[in-house]
Amino acid sequence: MKKSAVVFVVSLLLSTVAFAQNHFSYDVSGSSGSRDGESYSEIHLGLNYYATNWLNWRNSLFTQFGSEIKTVYGLDSAALLNYDLYTQNRAFGVEFFAGPGVRLATEKSNAVFGKAGITFGLGGLRIGGGVQAFHYLEDRTDKNDFVLGKDEVQYFITLSGGGTF
């Protein structure tokens with residue numbers, strides 16, 4: 001009984017994804033923040049797969065850099081629940097998002113995270129902000145070998161542009 005219930009749920013999810021109005025979008029975004037008193041910047045190249053109008057699987061290659069932190073490269077992958085209100089031609093609107101993710105990165109910066117925010121769209125330009133809470137899986141250090149905390153909350157402001165295909 002348990003096995004058939006799992007098969008039913010997986011089949012239902014796959015059929016929902018197969019018949020949904022799915023699409024891809026891409027974006028380039030930048031953000032900045034501070035960690036343990038040190039400022040940093042991040043640049044992301046993102047690919048979003050909207051399996052449904054409310055579920056986005058976001059993958060973004062990123063680099064994080066700053067004057068006192070070690071430069072980090074990696075991939076963020078997240079399953080984001082979305083709710084958006086756009087005009088019919090998607091020229092203007094607002095989008096809310098939240099969900100869990102994983103960061104695979106250099107410099108012992110692998111982490112799990114939760115992310116939430118809001119984005120305003122005007123044509124191809126988007127501006128938004130939010131919060132991202134990380135739990136790092138290994139001990140990390142900055143350029144001066146000071147130990148960084150395992151838990152971190154980052155607030156971000158993002159300006160991005162992109163397209164769909």
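## Strands, core and cavities of a predicted model

Visitor: How many helices and strands does the protein have?
Guide: The protein has 1 helix and 10 strands, where helices (H or I, at least four residues) and strands (E, at least two) are DSSP runs numbered from the N terminus. This is a predicted model, in which local features need pLDDT of at least 70, side-chain atom pairs count only at pLDDT 80 or more, and totals for chains, interfaces and linings use all residues. Residues are numbered from 1 along each chain as its sequence is written, and side-chain values use heavy atoms, with hydrogens and water left out.

Visitor: What pattern do they follow along the sequence?
Guide: The order is α-β-β-β-β-β-β-β-β-β-β.

Visitor: Which residues form the largest nonpolar core?
Guide: That core has 8 residues: Ala 78, Leu 80, Phe 97, Ala 111, Phe 113, Phe 134, Tyr 136 and Phe 156. A nonpolar core is a set of buried Ala, Val, Leu, Ile, Met, Phe, Trp, Tyr and Cys residues joined through side-chain atoms within 4.5 Å; buried means under 20% relative accessible area, with a 1.4 Å probe and protein chains only.

Visitor: What does Ala 111 touch?
Guide: Leaving aside residues up to four places away in sequence, Ala 111 touches Val 102, Arg 103, Phe 134, His 135, Tyr 136 and Leu 137. A contact means heavy atoms within 4.5 Å.

Visitor: Are β6 and β7 paired in the parallel or antiparallel sense?
Guide: β6 and β7 pair in the antiparallel sense, over 12 bridges; two strands count as paired if DSSP finds at least two bridges between them. Gly 114 has Ala 133 in β7 as its bridge partner. In the hairpin of these strands, with 2 residues between them, Gly 123 takes a positive phi near 65°.

Visitor: How many bridges join β7 to β10?
Guide: β7 and β10 (residues 151-164) run antiparallel and are joined by 11 bridges. Here Gly 130 has Phe 156 in β10 as its bridge partner, and Phe 156 also belongs to the largest nonpolar core.

Visitor: Changing topic, how many cavities of 30 Å³ or more are there?
Guide: A search of the whole structure finds 2. On a 1 Å grid over the protein atoms alone, a cavity is a set of points where a 1.4 Å probe fits but cannot get out.

Visitor: What lines the largest one?
Guide: Its lining residues, which have an atom within 4 Å of a point, include Arg 35, Glu 107, Arg 140 and Asp 142. The largest cavity holds about 60 Å³ of space, a volume being the space filled by probe spheres set on the points, which are joined across faces, edges and corners.

Conventions: Buried means under 20% relative accessible area, exposed over 50%, partly exposed in between (1.4 Å probe, protein chains only). On a 1 Å grid over the protein atoms alone, a cavity is a set of points where a 1.4 Å probe fits but cannot get out, and a pocket is an open set with protein on both sides within 12 Å along at least five of seven lines; lining residues have an atom within 4 Å of a point.
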